[in-house]
Every structure is written in structure tokens, then in C-alpha cells.
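I opened a notebook page for this structure and wrote down what I looked up, one entry at a time.

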Amino acid sequence: MTDSSLAIVVLAAGQGTRMRSATPKVLHPLAGIPLLGHVLATAQALDAAHLVVVVRHEREKVAAAVVELAPEAVIVDQDEIPGTGRAVEQAVAAIPAGFAGDVLVLSGDVPLMDADTLAAVLADHRRAGGPVTLFSTVVDDPTGYGRIVRDADGSVLRIVEQKDASEAERAITEVNAGMYVFGATALREKLAGVTTANAQGEKYLTDVIGALHGDGHAIGGIVVADEWKVWGVNDRAQLAQVGAQLNALTVRGWQLAGVTIVDPATTWIDRAVTIERDVTILPNTQLHGATAIAEGATVGPDTTLVDTEVGRNATVRRTDATLAVIGDEASVGPFTFLRAGTAIGTDGKVGAFVETKNAQIGDRTKVPHLSYIGDAEIGEDSNIGAGGITANYNGVEKSRTIIGKAVKSGAHTVFVAPVRIGDGAYTGAGALIRRDVPAGALALDVAPQRNLEGWVHAHRPGSASDLAAQQAAGPAEAQD
Ligand code: UD1
Ligand code: MG
């Protein structure tokens with residue numbers, strides 16, 4: 001149910017200089033979605049009456065992502081005055097003036113905080129009745145964070161940013177998480193008085209805390225026990241650290257849901273992936289995008305699946321697949337490349353050194369070795385002999401190969417598309433198929449075999465082959 005006295009502001013206007021990237025920081029991917037996507041999903045779970053996202057740097061890209069990830073959000077453009085304080089000031093101006101509820105401020109670069117923790121803090125804040133509750137945590141290395149300055153009896157006095165901190169303040173290991181709940185009225189009033197008189201020339205949101213304390217208000221604070229929940233991403237080392245933490249949690253979640261994951265450290269699972277019980281994931285496996293794995297399947301080792309569906313009890317070994325559908329009981333790999341539009345039927349097989357693209361492979365049909373099957377349709381119960389190739393590209397356009405059911409192609413058959421092979425047809429080994437083959441026919445195109453007797457002895461006298469051939473012929477010829 002919508003919380004009518006809650007507004008959420010997500011900060012996403014900063015440049016993210018420390019990422020040294022052409023991509024805005026909040027759009028860097030983490031478990032398959034942008035950093036900002038994690039924060040927006042958490043915000044959405046709280047179902048606030050107002051959701052405002054502040055943008056500025058690479059405005060068009062970030063705004064487009066917001067529209068996709070949270071279409072209900074109001075997008076506010078930050079002006080040229082820099083700083084988190086200015087960002088919140090402009091966001092609050094977009095919330096109806098009569099709103100006197102709570103404003104939860106989240107940073108677009110702090111992706112691991114969860115909705116349950118936020119809801120608990122919000123409840124505490126409302127019970128305490130003060131103008132602000134901030135989130136802090138104690139970290140081993142506080143570098144880069146704002147430090148929480150407390151007085152002798154432990155009350156919060158203010159927050160000091162790294163660049164403005166004294167030597168003694170820099171030694172403080174309790175840091176500001178960059179998330180806060182403010183009473184809307186107090187926030188509006190205090191933001192108006194914040195200046196840019198600091199080392200970075202920015203309007204700091206954190207200065208509101210000192211101002212409220214100066215007015216005699218007690219500053220509420222929640223020390224978040226799980227440090228990782230408030231880890232911010234400012235550079236790529238932190239991006240990797242946050243990614244590893246999220247992945248460890250994801251892997252554990254699937255393990256507890258009944259998935260065998262042999263090596264959590266080398267298994268990477270995106271946020272949108274779904275896995276049914278009794279699936280086994282072997283080491284060095286990456287599951288990306290909207291990949292879905294059905295009950296009993298075995299995936300890996302050394303496998304990367306992107307937006308791929310794996311059927312019940314299927315086996316997928318040492319495979320790279322994108323936008324593929326693998327049927328129930330099917331077997332794929334090892335060393336197999338399934339490209340977009342591949343669909344393998346129930347109990348089908350695509351084996352070693354096979355590449356497929358835009359290929360529908362029927363139930364029980366096998367493409368076991370060394371093949372390229374592209375822009376093709378193969379019916380049920382067919383077998384493509386080793387080295388079968390669909391020649392789908394004439395240098396200008398792509399054409400389709402349609403192969404019927406119960407077809408057996410000889411090893412090294414080349415299907416020059418467009419071409420159709422009727423049900424139950426055969427092709428001979430090495431056949432170059434340029435014309436349609438009717439149902440039940442055997443298609444041969446290679447010339448009859450000629451054996452030129454004695455050719456090796458005549459043309460390669462004294463070679464190892466010649467000697468072997470002479471030995472095979474027996475002692476009489478060997479003395480020749
Ligand atoms: C901020 C806090 C710091 C805290 C840390 C936690 C301030 C002044 N400092 O520092 O106390 O420990 O977060 O991660 O708030 N942003 C805007 N507009 C701006 C500047 C930033 O929207 O003008 C957004 C950024 O896109 C980002 C968030 O605000 O999502 C935080 O900005 P960032 O520059 O990363 O602040 P920190 O230096 O990390
Ligand atoms: Mg930051």
C-alpha cells in the first residue's frame with residue numbers, strides 16, 4: 001500500500017569522476033542492471049507517494065534509464081550549483097509544497113541497501129519524532145567517506161567530508177552512508193541556508209545535520225551492522241568489491257533455495273536469473289540477464305549463458321549461449337556456441353565444436369560434431385553428420401535451410417541455402433547440396449571414386465607412405 005507520508009529522493013546527478021569513464025557512474029552494470037537500477041528497485045519496494053530522481057551529468061542517458069527502470073519517477077534536473085545538498089533542494093522543490101511527511105534520501109551509487117532495513121529505520125525515525133535519522137556504519141578503511149563527528153556523550157554533532165576533515169577527524173572510522181530520513185519541513189528550511197563554503201565548493205547535504213544540531217535537535221542515527229549494505233561505489237575497485245559481495249549473497253540465496261553451486265567464488269549470477277531446485281551449477285559459470293534454468297538441469301563447468309532458457313534435466317557443458325532455448329533433457333557441449341535464436345527441442349543434442357544461430361532444431365535431433373547451423377530449421381529425429389554446414393550467406397544476403405524430420409546427412413555435407421531437404425532423406429558424405437532433395441531420396445554429388453593403383457610409389461618413391469605401402473603388399477613387391 002502506498003505510504004502517503006513518504007517521499008524518496010534518489011541522487012544520480014553527480015559526475016562520478018573517480019570512475020574515469022565515458023559511462024555515467026550510476027549506469028555502470030552490477031549483476032546485469034545499472035547501479036541506479038538496484039537503488040530504484042529498493043525505492044519501489046517501499047511504495048512511496050513520491051519518487052524523485054535528480055539528474056544532470058549525461059542527463060539524457062541517465063534520464064532514459066530512469067524512464068525504463070522506474071517510469072513512475074519524477075525526473076528533476078539539477079542546475080549548475082554542485083553538491084548533494086543542491087540536488088536534494090531541487091528534488092524537494094518538485095514535491096508538492098504541502099507535503100509534510102518524511103523524505104528518504106538515497107544515493108544512486110549505494111546499491112546494496114535493502115528495503116527491509118530502510119523500512120525498519122523509517123519506523124524508528126517516526127517513533128523518535130526528530131527531524132532527521134541518518135545511516136552510518138563503521139568501516140575498516142574510511143577513506144573517501146564523510147565522517148560522523150560525535151561529542152563526548154555520543155550524540156551526533158555534524159558530518160565532515162574527507163576533504164574538509166582535520167587529521168583527527170580523518171581517523172574516525174564511523175562513516176556517513178549517504179542515506180537519511182528527514183522531516184520534509186525541517187529539510188526545506190535548513191537546505192535554504194547551506195552554502196558552498198568548503199573544500200569542494202559544493203552545497204553539502206551533510207551540512208543540514210550540523211545545522212539541525214545547532215538548533216538544538218537531537219540527531220537520530222542508525223549504525224548499520226552489515227557494513228556492505230552501505231558501501232558506495234566511487235571507483236572501479238569499489239565496483240568490483242560491491243559486485244563480489246552481491247554475488248556472494250545471490251549464490252547463497254540460490255543454495256538455500258535448493259540449487260547445488262559447487263564453487264561460489266567462480267559462479268556469477270545476475271539479479272534477474274531464475275533457477276529451479278535440484279539444478280547443479282559447476283565451476284566457472286556465468287548466468288546473465290533473464291536466464292532461466294529448470295529443475296534438475298546441470299550447467300557448467302566453464303559456461304556463459306545470456307538470456308537463455310535451459311529445460312528440465314538438460315546438460316550444458318563448456319558452452320557460450322545467448323538468447324537460446326534449450327529443451328528438456330537436451331544435451332549441449334562441450335565447446336559449443338549457441339547464438340541468438342537457437343532453439344533445441346526436447347532430448348536434442350548439440351555437441352562439440354558446433355555453432356548455431358537462428359536455428360530451430362527439432363525434438364531428438366542431433367548435431368553432434370563440428371558443425372555450423374545458421375538460419376535453419378531441422379525437424380524431429382534427424383541427425384546431422386560430423387562437419388555438416390549450412391552455407392547461409394552468399395556474400396550479400398542470408399538464406400534459410402529447411403531440413404525435414406528423420407533426415408540423415410552424411411559427414412561433411414554442405415547445405416547451400418536456400419535449400420530444402422524432404423522428410424526421411426539422406427545425403428552422402430561430402431555432398432554439396434545446391435538443389436532441394438525430395439523426401440526419402442539419397443543425394444550424392446561427389447564424382448565416383450577412382451583408385452589410381454601404384455600412384456604413391458610412382459610419385460613419392462622412397463617416402464614413408466611408399467615404404468608402408470610396399471610392406472602391406474608383402475615381401476615380393478618390397479624387394480622391387
Ligand atoms: C557522499 C557524502 C558522504 C558519504 C558518501 C557515502 C555528501 C557531501 N557526502 O559523498 O558524507 O560518506 O556520500 O557514499 O553528501 N550527486 C548529485 N548531485 C551532485 C553531487 C552528487 O546528485 O551535485 C549524487 C551522485 O550522483 C551520487 C550521490 O549524489 O549518486 C553521492 O555523490 P558522491 O559524489 O558520490 O558523494 P561522496 O563523495 O561519495
Ligand atoms: Mg559516493
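Entry one: the metal site. I looked up Asp109 and Asn234, and both are buried. I note here that the model is a predicted one. I then checked what these two residues hold: they are the protein donors of the magnesium ion (ligand 2), Asp109 through OD and Asn234 through OD1, at 2.3 to 2.4 Å from the ion. I looked up where the two donors sit in the chain. Asp109 is in the loop between strand 6 (102-107) and helix 4 (115-128), while Asn234 is in the loop between strand 11 (220-223) and helix 8 (236-256). The two are 125 residues apart, and the pair links distant parts of the chain.

Entry two: helix 1. I listed the buried ones as Leu35, Leu36, Gly37, His38, Val39, Leu40, Thr42 and Ala43. After helix 1 comes Asp47, and I noted that its phi is positive, near 50°.

I looked up the count for the model, which comes to 24 salt bridges. I picked out a few of them.

I began with Glu89, which forms a salt bridge with Lys203; their closest N and O atoms are 2.8 Å apart. Glu89 belongs to helix 3 (residues 84-93), and Lys203 to the loop between helix 6 (184-191) and helix 7 (207-214). Is Lys203 buried or exposed? Its relative accessible area is 10%, and the cut-off for buried is under 20%, so Lys203 counts as buried. I also saw that Glu89 and Lys203 are linked with Asp79 and Arg86 in a network of salt bridges.

Next I looked up Arg364, whose side chain meets that of Glu380 in a salt bridge at 3.6 Å, N to O. Arg364 lies in the loop between strand 28 (354-361) and strand 29 (366-369), and Glu380 in the loop between strand 30 (372-378) and strand 31 (383-384), so the pair ties together parts that are 16 residues apart in sequence. Arg364 counts as partly exposed at 36% relative accessibility. Glu380 counts as partly exposed at 33%.

Arg364 also forms a salt bridge with Asp381, where the closest N and O atoms are 2.7 Å apart. Asp381 sits in the loop between strand 30 and strand 31, 17 residues from Arg364. I noted that Asp381 is partly exposed, with a relative accessible area of 31%.

Which residues form a nonpolar patch on the surface? I found Phe335, Phe353 and Leu370, with about 340 Å² of accessible area together. I looked up Phe353 in particular, and its place is in the loop between strand 27 (349-352) and strand 28. Phe353 has 52% relative accessibility; exposed means over 50%, so Phe353 counts as exposed.

I found Ala171 in the loop between helix 5 (167-170) and strand 10 (174-183). Ala171 is exposed, and its relative accessible area is 58%. I then looked up how far Ala171 is from Pro71: they are 100 residues apart in sequence and 42 Å apart in space, C-alpha to C-alpha.

Terms used. Residues numbered from 1 in each chain as written. Chains lettered and ligands numbered in written order. Predicted model: local features only at pLDDT ≥ 70, side-chain atom pairs only at ≥ 80, totals over all residues. Heavy atoms only, no water. Buried < 20%, exposed > 50% of the residue type's maximum accessible area, 1.4 Å probe, protein only. Helix = DSSP H or I, 4+ residues; strand = E, 2+ residues; numbered from the N terminus. Salt bridge = Lys/Arg side-chain N within 4 Å of Asp/Glu carboxyl O. Donors = N, O, S within 2.8 Å, 3.2 Å for Na, K, Ca; no water. Patch = residues over 30% accessible without salt bridge, like charges linked within 9 Å, V, L, I, M, F, W, Y side chains within 5 Å. Areas by Shrake-Rupley, 256 points an atom, 1.4 Å probe, with all protein chains shown as cover.
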